[in-house]
Amino acid sequence: MEIRKLPNQTKEEFVAQLVKERAKQKPLKKVIFSIIKHTLLIIVAISMILPFFWMVSTSLKTSNNVFTIPPQWIPNPVKIQNYADVFKAVPFFRYIMNTVGFTVAVTFFEVIVSVIVAYGFSRFNFKFKRSLFMFLLLTIMIPGEITIVPGYIFWVKIGEFLGITLINTYVPLVLPAIGGQAVHIFFMTQYFRTIPKDFAEAAYINGASNWKILWKIFFPMSIPAILTITISSFMGTWNAFLGPLIYLNDSNKFTIQVGLAMFQGMFDVNWPLLMAATTISIIPMIILFFSLQKYFIPSNKQDGVK
């Protein structure tokens, strides 16, 4: 379609009309690409939602309707009593409170220590700084499963040396968090390096100490990054299974993930109760993720301008 300049049109009006008309003529390739892209995204979204929907659906079924053919996506009858039976079958509320205390403690130590260590790596020059940072990165590559047996032996020996029993306590689970988390330290170090030095130099000239610069300047400007590692640490600790399973022997100290195994018998599994308990266990994660999701993307650039 050819666009011609009208006699009463100025040059600026003609150019604006030309740009507007060309914008409307979207190439066929872009339309096809957009359709394919959105189709794939819809398929991926459905594949992500279906397992969650099936879990919730199963949690509302009776035991006889779990494996019916064809599959029963909408439970009939709906058995809401399964959620109440979860707390009757096992001390699930105790498991929730154990998990909350354990998760909050680990998350607090990991986040605070990671921020402090990252601040040191990003703002100070000291001997063996590069070597220590490279060693930190190497620890990320070590699978956690490799350290299970040495870690268990270590805590047994420490307990024998101190004359106390550390196994069947939360000490082996919480105390390592005081060392921070290597991934979070690396993430925060890279984030701190994006903050202009002018802020720290201005505060230092005004008499602020390094600690004050960290907590009054860097910490507020890094809220999006700090919330990101907080959510990551919280979710990882909340969903931890292997550590609590190995170190905790008393059922009254079990966390949610270990408690879920109580619904699996040797020869039979109560699937409706197991799915109901699993649904309850992930509700805090869903609330936490969606309530803080808006903080994932913002950077410190806007704060710097303000």
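Student: How many aromatic pairs does the structure hold?

Tutor: This predicted model holds 19 aromatic pairs.

Student: What describes a pair of aromatic rings?

Tutor: The distance of the centres and the angle of the planes describe a pair of aromatic rings. Take Tyr-95 and Phe-254. Their ring centres are 6.3 Å apart and their planes stand at 40 degrees, so this pair is tilted. Planes under 30 degrees apart would count as stacked, and over 60 as edge-to-face.

Student: Where do Tyr-95 and Phe-254 lie in the chain?

Tutor: Tyr-95 is in helix H4 (residues 92-123). Phe-254 is in the loop between helix H12 (242-247) and helix H13 (256-260). The pair therefore ties together parts that are 159 residues apart in sequence.

Student: Are Tyr-95 and Phe-254 buried or exposed?

Tutor: Both Tyr-95 and Phe-254 are buried.

Student: Why is the pair of Phe-192 and Phe-218 edge-to-face?

Tutor: Look at the angle. The planes of Phe-192 and Phe-218 are at 85 degrees, with the ring centres 5.6 Å apart, so the pair is edge-to-face. Distant parts of the chain are linked here: Phe-192 belongs to helix H8 (residues 182-192) and Phe-218 to helix H10 (residues 210-221), 26 residues apart. Phe-192 is buried, at a relative accessible area of 0%. Phe-218 is buried, with a relative accessible area of 0%.

Student: Which residues do ring pairs link into a cluster?

Tutor: Phe-87, Phe-92, Tyr-95 and Phe-254. Tyr-95 and Phe-254 are the tilted pair from above.

Student: What sits over the ring of Phe-133?

Tutor: The charged end of Arg-193 does, 5.4 Å from the ring centre.

Key: Residues are numbered from 1 along each chain as its sequence is written. This is a predicted model: local features need pLDDT of at least 70, side-chain atom pairs count only at pLDDT 80 or more; totals for chains, interfaces and linings use all residues. Side-chain values use heavy atoms; hydrogens and water are left out. Rings of Phe, Tyr and Trp (its six-membered ring) pair if their centres lie within 6.5 Å; planes under 30 degrees apart count as stacked, over 60 as edge-to-face and the rest as tilted. Helices (H or I, at least four residues) and strands (E, at least two) are DSSP runs, numbered from the N terminus. Buried means under 20% relative accessible area, exposed over 50%, partly exposed in between (1.4 Å probe, protein chains only). A charge sits over a ring if NZ of Lys or CZ of Arg is within 6 Å of the ring centre and within 35 degrees of the ring normal.
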